[in-house]
Amino acid sequence: MFEKALIGSKKYWGLVIGLLAIMGVGAIFYLQQWNYGLGITGMSRDVSWGLYIAQFTFLVGVAASAVMVVLPYYLHNYKAFGRITILGEFVAVASVIMCLVFIIADLGQPTRALNIVLYPTPNSILFWDMIVLNGYLLLNILIGWNVLASERKSVPPPAWVKPLIYISIPWAVSIHTVTAFIYAGLPGRGFWLTAIMAPRFLASAFAGGPALLILLSLIIRRFTKFDPGKEAIQNLGKIVAYAMATNVFFILLEIFTVFYSQIPEHMHHFEYIFAGLEGHGKLVPWMWTSVSLAVLSLILLVNPITRRREGILALACVIVFVSLWIEKGFALVVTGFIPSPLGRVFEYSPTIPEILITLGVWAMGFLILVVLYKIAVTVKEEIEA
Amino acid sequence: MKIDRRGFLKIGGLGILGVAVKPVIDVVSKVKLAEASAKKRVLVEKRLAMVVNLKNCKEGCTDCINACHGVHNVPDIANPKDEIKWIWTESYEKAFPDQEHRFIGGGMKGSPAILLCNHCDNPSCVRVCPTKATFKREDGIVMMDYHRCIGCRFCMAACPYGSRSFNWRDPRPFIKKINPNFPTRTKGVVEKCNFCEERLAKGLIPACVESCKNKALAFGNVEEPNSEIRGILRSNYTIRRKPGLGTGPQIYYIV
Amino acid sequence: MNNRIIIIAGLIIFLCLITFPIWYNVVGGKAAYAPELKIVSEEKQCVESTKYMRAKHMQLLNDWRNSVVREDKRTYTALDGKKYDMSLSNTCLKCHSNKADFCDKCHNYVEVTPTCWNCHVVPEGNKL
């Protein structure tokens with residue numbers, strides 16, 4: 001099937017070359033990071049995780065969201081999603097690969113990365129994250145590829161794929177739960193020390209991922225002969241609406257607990273992102289943007305009149321994605337370190353090389369997605385022709 | 001039995017997967033045994049700890065910092081973004097945020113407190129390390145294995161005392177005089193106080209304790225009832241940093 | 001099969017390229033030279049036999065570092081019963097006081113760059 005990715009229109013090749021170029025720029029700056037060390041990033045002794053780990057956290061959510069199309073189709077036999085399960089699974093493949101690359105990009109000694117496997121340490125959450133992420137990647141490659149290959153030959157998928165599909169459903173929940181545990185189990189980091197971290201991660205994942213899937217479906221319909229289907233897109237829209245509402249609800253729960261209990265160690269972080277602390281407030285405009293976008297997206301998504309219009313639905317999905325990216329793809333990780341355990345407010349902003357490396361990894365993820373989607377869509381076009 | 005190319009690749013792939021999974025299973029089974037034997041051992045023969053007498057600590061004095069950083073090749077990077085420190089001072093209020101109030105007396109308000117790794121009994125940094133690059137020794141010292149550290153900085157997020165520093169760049173250009181008897185670090189690893197384990201092995205006391213002219217620092221085995229440190233702990237009221245987190249810090253402060 | 005000539009030509013070019021280092025050394029007359037190592041030391045023997053050290057010194061050093069750092073055991077008992085302090089900078093480099101002519105020469109020859117000296121300090125005067 002892979003040959004399908006090697007034959008394409010000028011637009012397709014233009015996109016591929018464009019993404020390769022961005023990857024190239026990222027690679028050049030990564031080389032600089034390799035030689036100099038992580039000091040070329042904006043990270044510091046106080047804020048020791050930054051953009052890379054935040055991207056990883058956000059993308060785990062995007063990956064986990066595949067389950068939102070797989071579950072209704074395979075467990076409830078909801079036929080409309082049958083057309084797009086492959087799209088969800090391939091988004092998962094691309095995002096998990098990006099997650100792994102972001103972790104490697106964040107390591108101070110990337111050549112020693114295999115030490116995690118050579119000296120397995122079950123008490124470390126990072127060890128389990130390595131297992132669940134790689135497992136999820138493998139599951140989605142196996143499932144997506146085999147189901148697509150059978151579809152192409154108009155035969156049912158091999159029998160051994162079914163159990164894998166069932167395993168992949170709780171597995172999707174596990175990747176985001178384990179990723180939340182990385183943060184939620186640390187003493188002395190009041191911003192993260194909350195049992196609702198995993199549910200929050202899942203809610204935001206099930207909003208952000210399907211929002212991306214809607215946008216991708218609309219793009220595919222526009223540029224190819226394959227139509228993911230109006231019904232599927234509409235129902236994904238409902239999922240985004242519910243998940244986004246849940247996510248906002250969970251954040252309000254956090255805010256209640258933190259501000260009603262008045263425990264300074266928990267409160268300072270929220271003060272920092274929403275009002276600024278000791279005259280430092282780089283994140284304040286970002287956070288209020290995120291909040292406003294979240295509210296706006298809810299208005300557009302909950303109201304059936306606006307949600308049913310595909311143009312507005314698409315806009316709402318862009319808003320959801322941006323809002324969640326600010327919240328989870330940046331602020332969530334950085335704010336955990338501000339103020340530091342010693343009460344110091346040392347702000348973080350990513351440097352240009354750091355941003356370009358990040359863009360390079362995103363370009364790599366999109367390239368994988370474009371190639372996989374090219375294969376999937378070509379196969380689907382052939383079947384329908 | 002007939003094996004075609006596809007079948008062969010599938011079986012081969014499963015085989016490789018099996019080889020990859022085996023060491024994981026081995027370790028999981030070993031850990032259970034280790035835990036079981038640890039529970040049996042109720043008495044520890046040795047538990048190293050330190051007492052800091054803040055009343056004796058003179059403002060502006062940096063003897064212990066100079067001694068430690070000199071002997072351990074700790075680079076002097078002035079930039080707070082990249083700085084590395086094993087032992088340093090912070091105001092009393094920052095060091096003990098739980099004890100902060102308007103009327104702090106006894107000259108403690110704004111006075112410097114010596115901070116270093118707490119060599120916790122229940123260290124959260126050790127719990128999160130994915131490679132056992134940081135681990136707790138039998139005598140309680142929380143050690144760093146710089147050979148094994150992958151630089152993920154999970155330990156820095158887990159340490160509630162800000163005791164860990166990361167080498168954001170090559171530290172060597174920032175070391176004024178390299179002590180040839182102790183290694184430097186390389187870029188990309190985390191470092192922190194090691195309770196002078198290399199000196200203890202030669203029968204010496206930690207460099208900071210040795211260098212303090214005002215006798216503000218004491219070091220010893222708290223499992224030994226007749227030790228000097230136990231005497232100090234008996235006759236003075238001491239506090240620890242953030243004891244409510246359950247990490248069991250082993251640096252005791254006389255205020 | 002009309003591409004036979006192209007395929008064979010391609011294969012020949014590939015083989016030439018991949019064996020280039022061998023040809024290059026044969027033509028340059030540098031084939032099969034071995035690095036000459038200098039040892040400046042009064043000691044007759046290293047901690048273990050020369051043969052063992054040549055083949056296994058990296059494993060030995062790995063064991064030493066794990067033993068010192070992770071187990072707090074710092075004394076090495078050699079096969080002949082002699083005891084040594086396990087230290088790269090202080091034990092190894094005390095005798096091999098010519099790192100450049102001993103360690104580096106061979107490491108350069110086999111194209112390996114051990115990372116030991118990123119952290120471990122080469123004693124003053126050991127520059128020969």
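Here is a short walk through the structure, starting with chain A and ending at one residue of chain B.

This is a predicted model, in which local features need pLDDT of at least 70, side-chain atom pairs count only at pLDDT 80 or more, and totals for chains, interfaces and linings use all residues. Residues are numbered from 1 along each chain as written, chains are lettered from A in the order written, and side-chain values use heavy atoms, leaving out hydrogens and water.

Chain A has 14 helices and 0 strands; helices here are DSSP runs of H or I with at least four residues, and strands are runs of E with at least two. The C-alpha trace of chain A spans about 65 × 50 × 40 Å along its principal axes. Of its 385 residues, 60% are buried, meaning under 20% relative accessible area with a 1.4 Å probe and protein chains only, while exposed is over 50% and partly exposed lies in between.

Helices α1 (10–36) and α6 (125–152) of chain A each supply at least two residues of a nonpolar patch. One of the residues in that patch is A:W145. A:W145 sits in helix α6 and is partly exposed, because its relative accessible area is 31%.

Over in chain B, B:E228 belongs to helix α8 (residues 228–235). B:E228 counts as exposed because its relative accessible area is 57%. Its C-alpha atom is separated by 15 Å from that of B:I254, 26 residues apart along the chain.

Note on methods:
Patch = residues over 30% accessible without salt bridge, like charges linked within 9 Å, V, L, I, M, F, W, Y side chains within 5 Å. Areas by Shrake-Rupley, 256 points an atom, 1.4 Å probe, with all protein chains shown as cover. Salt bridge = Lys/Arg side-chain N within 4 Å of Asp/Glu carboxyl O.
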